[in-house]
Amino acid sequence: MYQPTLWEQDGHVSTSTVAGHTTPDEVNRAVWQESAEVFEGLLGWLDRGEEISMLAVASAVRGEPVLDLGVGGGRTTSLLRMLTDDYVGLDYTPAMVEACRRRFPAEHFVHGDARDLSAFPDGHFALVFFSFNGIDAVDHDDRLRILSEARRVLRPGGYFVFNSHNHDGPSFSDRPWNMRPLTPLPARRVVYNVLRRTAELPFSVANFRRLRAASCDTGTYGLHPSASHRFGIVIYFSTAIAQRDALLDAGFDAVDLYTDVDGARIDAAADTSRCVWLYYVARAPLAS
Ligand SMILES: C[S@@+](CC[C@H](N)C(=O)[O-])C[C@H]1O[C@@H](n2cnc3c(N)ncnc32)[C@H](O)[C@@H]1O
């Protein structure tokens, strides 16, 4: 039976039209700060790709230290706690950290930024996880800092697992009036999607006009307002090849890719035009 992904479920879309913020970083942080309640309600795997990419590393990281970057409202906390007792969740949004502490009072959460993990020693974690495209909230230079910090805090043979929007996928060219579903939908949900996107159109157009100046496209990566928050956040899109190469440049020695909806393992050079986002499983070298 068809299972809607978390992304398609009602109530996930922000009502934000946050004004007065100029850089993508400021814009996105303001939206996260007011979205904690929505993220606090999320449970379970985002989609098949997330489940498969985590299963790919589960036996290697079981019982070992795990760092959950951009933990949001704690959706991934219980999923990762099934793997280990040595867990820390981190987020740069105070409201998200508070939501996690309310939801899981016995767990360990810290307020911090994935661009600066100096609170953690080199080579400590077996797994660093950055779920739900959280890494896409920063610009190119800051993204490279995150890759480098994730690599630094991983022990030899440890894994960095994350998903990220696909430059070659359907959402990089999204406009408010396109009415494209956020992920591929069964026919019965297409009508609902069009109705919802129509109702949201005034917010989406206002946000898109405000943020479109932040758009750019180098051919291998770009920034663009994301339909997922009524065009109220600006996010990074990468080609699969550029993302794989950036991981190799950051010192990882193997990178596996998985598609979003069905979790199929693919080559970075494969046709990814149907994938809104892709999952990356990057391994730190066994010998440092
Ligand atoms: C789309 S939400 C995902 C939340 C959660 N991981 C989930 O899957 O439900 C992205 C989260 O990443 C956090 N985030 C984005 N950039 C970050 C950074 N540089 N450092 C720490 N947290 C960050 C945001 O505050 C937000 O909570």
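This is a predicted model: local features need pLDDT of at least 70, side-chain atom pairs count only at pLDDT 80 or more; totals for chains, interfaces and linings use all residues.
Me: Which side chain has a polar atom 3.0 Å from a nitrogen atom of the ligand?
Reply: Polar contacts are taken up to 3.5 Å between N or O atoms. The side chains of Arg-75 and Thr-93 each have an N or O atom facing a ligand oxygen, at 2.8 Å for Arg-75 and 2.6 Å for Thr-93. The side chain with a polar atom 3.0 Å from a ligand nitrogen is that of Asp-113.

Me: How much of the ligand's accessible area does the protein cover?
Reply: On its own, the ligand has 590 Å² of accessible area. The share of this that the protein covers is 99%.

Me: What is the volume of the cavity in which the ligand sits?
Reply: The structure holds four cavities of 30 Å³ or more. The ligand sits in the largest cavity. The volume of that cavity is about 450 Å³.

Me: Which elements give two or more residues to the lining of the largest cavity?
Reply: The lining has 34 residues, and among those closest to the cavity centre are Trp-32 and Phe-130. By class, the lining has 16 nonpolar, 14 polar and four charged residues. The elements that give two or more residues to this lining are β2 (87-91) and β8 (233-238).

Notes
Residues are numbered from 1 along each chain as its sequence is written. Side-chain values use heavy atoms; hydrogens and water are left out. A polar contact is a pair of N or O atoms within 3.5 Å; within protein, one must be able to donate a hydrogen and the other to accept it, and residues adjacent in sequence count only if both atoms are side-chain atoms. Accessible areas come from the Shrake-Rupley method with a 1.4 Å probe; for residues, only the protein chains shown count as cover. On a 1 Å grid over the protein atoms alone, a cavity is a set of points where a 1.4 Å probe fits but cannot get out, and a pocket is an open set with protein on both sides within 12 Å along at least five of seven lines; lining residues have an atom within 4 Å of a point. A molecule sits in a cavity or pocket if more than half of its atoms lie within 2 Å of its grid points. Grid points are joined across faces, edges and corners, and a volume is the space filled by probe spheres set on the points. Helices (H or I, at least four residues) and strands (E, at least two) are DSSP runs, numbered from the N terminus. Ala, Val, Leu, Ile, Met, Phe, Trp, Tyr, Cys and Pro count as nonpolar, Asp, Glu, Lys and Arg as charged, and the others, Gly among them, as polar.
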